[in-house]
Every structure is written in C-alpha cells, then in structure tokens.
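User: I would like to go through this model with you, starting with the packing and then the pockets. Could you take my questions in turn?

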Amino acid sequence: MLFRSAGVGKTSIAATFADAACARGERVLFLAFEESAAQIARNMRSIGIDLERWRDAGLLQIVSTRPTAFGLEAHLAGVHRAIERFSPDLVVVDPVSNLLAAGIRTDAAAMLARLVDLMKARQITAIFTSLTPGGAALEETTTAVSSMMDTWILLRDIDGNGERNRVLHVLKSRGSCHSNQVREFRLSDQGIELLDVYAGTAGVTLGSA
C-alpha cells in the first residue's frame with residue numbers, strides 16, 4: 001500500500017486486514033516500525049478494532065522495533081526469527097519507509113527485496129505500508145520496491161469545500177481485474193467505511209458535497 005501523507009489511515013487499513021485474517025483463524029505477525037504494540041492496540045480500539053482479543057487467543061503477535069535500534073541486517077535477522085517462531089499466515093510491515101533511518105536507500109531496498117523473497121518462498125501473504133513524499137511519483141516508493149509488489153493501493157486525502165476527505169484506489173493488481181474508481185473511506189467507531197463518490201459535470205465529488 002502506498003500513502004501520500006501522514007494521518008491518512010495506513011495503520012488503520014493494515015490493522016483491518018490483520019483483524020479480518022485473525023477472524024478467519026489465521027496467524028498474523030505485525031511488525032511495527034512506528035508505534036508500540038500498546039499504542040497500536042489503543043488507537044485501533046477507537047475505530048472498533050479489538051486487536052487484544054487476537055493477541056490473547058494467540059493469533060496475533062505485534063513486534064515493535066525502533067528502526068534506529070539496529071542495522072538493516074539485524075532487522076532482517078529479527079524478522080526471520082519471528083517468522084520461524086510464530087509461523088504466520090500474514091505479515092504486516094508498517095511502515096517500510098521508516099527503515100530508511102537504519103541505512104541508506106539502496107541498502108534498505110536490498111533488505112526489503114530479500115524480505116519479499118522470504119515471504120513468497122514461504123507462501124506468506126504480506127502487507128507493506130509506505131509513506132511517500134508528496135512530490136514523488138505514484139508508482140514509486142522511498143524504498144524502491146514497488147515493482148516487487150503484486151498489488152498497490154494508494155491512500156491519500158483530498159481537501160475541498162472546507163473538508164479533508166480520505167480516498168483510495170488500486171494502482172495495480174497483477175493477474176486480476178480491478179476497479180479503476182476512486183473511493184472515499186471513513187474511519188468510524190465501527191471500523192473502515194467505504195463510501196460512494198459521485199461523478200457530475202464538475203467532476204468527482206465526495207464528503208458533504
């Protein structure tokens with residue numbers, strides 16, 4: 001997943017995937033490089049996602065690490081050990097862009113390539129979130145791994161009519177037919193709500209418009 005700005009809902013969307021996987025009885029490893037496990041659990045409760053129940057049931061493990069605490073090789077070794085111990089069906093990495101703090105861009109890209117190869121070799125579904133600067137191309141990420149991803153979802157916010165609204169759309173999804181529509185979504189106390197947008201003569205409108 002690709003994100004244009006902070007606060008657009010990257011962790012909330014990733015946690016929604018994790019919650020759904022646990023509800024199916026799958027094991028989820030959540031690698032957090034931005035917030036602590038307690039912060040993530042608390043923040044997700046505000047949108048109706050109870051991650052603690054899955055941790056108590058042994059289906060979810062949140063590993064929180066500061067990107068600057070170790071070098072990139074140590075981070076990769078830690079992920080290997082966590083996967084070996086927990087045997088997850090789904091791994092969330094949130095966000096991969098923070099790993100730039102642990103090394104230069106080319107080294108971070110090489111480390112992430114090895115991580116992607118590990119997930120594919122073990123047939124583990126992986127969700128990577130990445131915060132992309134506003135001036136960067138939509139197809140790129142700060143860690144240059146977009147070409148290795150099978151599906152990319154862009155989340156961004158749009159300002160208009162005195163409102164700030166969140167929208168998403170699928171940039172690419174290999175091997176599948178997907179919608180090209182931009183959809184508005186809302187973070188509610190019942191989780192993620194996907195809303196319809198309306199196309200008129202003035203273009204696409206959303207929010208109260």
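**Core, confidence and pockets**

Analyst: Leaving aside neighbours within four places in sequence, Leu-115 is in contact (heavy atoms within 4.5 Å) with Leu-76, Val-79, Val-93 and Phe-128. This is a predicted model, in which local features need pLDDT of at least 70, side-chain atom pairs count only at pLDDT 80 or more, and totals for chains, interfaces and linings use all residues. Residues are numbered from 1 along each chain as its sequence is written, and side-chain values use heavy atoms, with hydrogens and water left out.

User: Which residues touch the most other members of the largest nonpolar core?

Analyst: They are Leu-29, Leu-31, Ile-83, Val-91, Val-93, Leu-115 and Phe-128, in a core of 24 residues. A nonpolar core is a set of buried Ala, Val, Leu, Ile, Met, Phe, Trp, Tyr and Cys residues joined through side-chain atoms within 4.5 Å; buried means under 20% relative accessible area with a 1.4 Å probe, protein chains only.

User: Which elements give two or more residues to this core?

Analyst: Strand S2 (28–32), helix H4 (72–86), strand S4 (90–94) and helix H5 (105–121) do. Helices (H or I, at least four residues) and strands (E, at least two) are DSSP runs, numbered from the N terminus. H5 provides the largest share, seven residues. A second, separate core has 21 residues, including Ala-14 and Met-44.

User: Where is confidence lowest and highest?

Analyst: Strand S1 (residues 2–3) is lowest, at a mean pLDDT of 52, and helix H3 (residues 52–56) is highest, at 97; pLDDT is the predictor's confidence in each residue, from 0 to 100. The chain averages 84. Over residues 135–140 pLDDT stays under 50. Where pLDDT is low, the predicted coordinates should not be read in detail.

User: On to pockets: what volume has the largest one?

Analyst: About 480 Å³. On a 1 Å grid over the protein atoms alone, a pocket is an open set of points where a 1.4 Å probe fits, with protein on both sides within 12 Å along at least five of seven lines; lining residues have an atom within 4 Å of a point. Grid points are joined across faces, edges and corners, and a volume is the space filled by probe spheres set on the points.

User: Which lining residues are closest to its centre?

Analyst: Of 22 lining residues, these are Thr-125, Ala-126, Ile-127, Phe-128 and Thr-151. Strand S5 supplies the largest share of the lining, four residues.

User: Which element gives the most to the lining of the second largest pocket?

Analyst: H4 does, with seven residues. That pocket has a volume of about 200 Å³.

How values were computed
Buried < 20%, exposed > 50% of the residue type's maximum accessible area, 1.4 Å probe, protein only.
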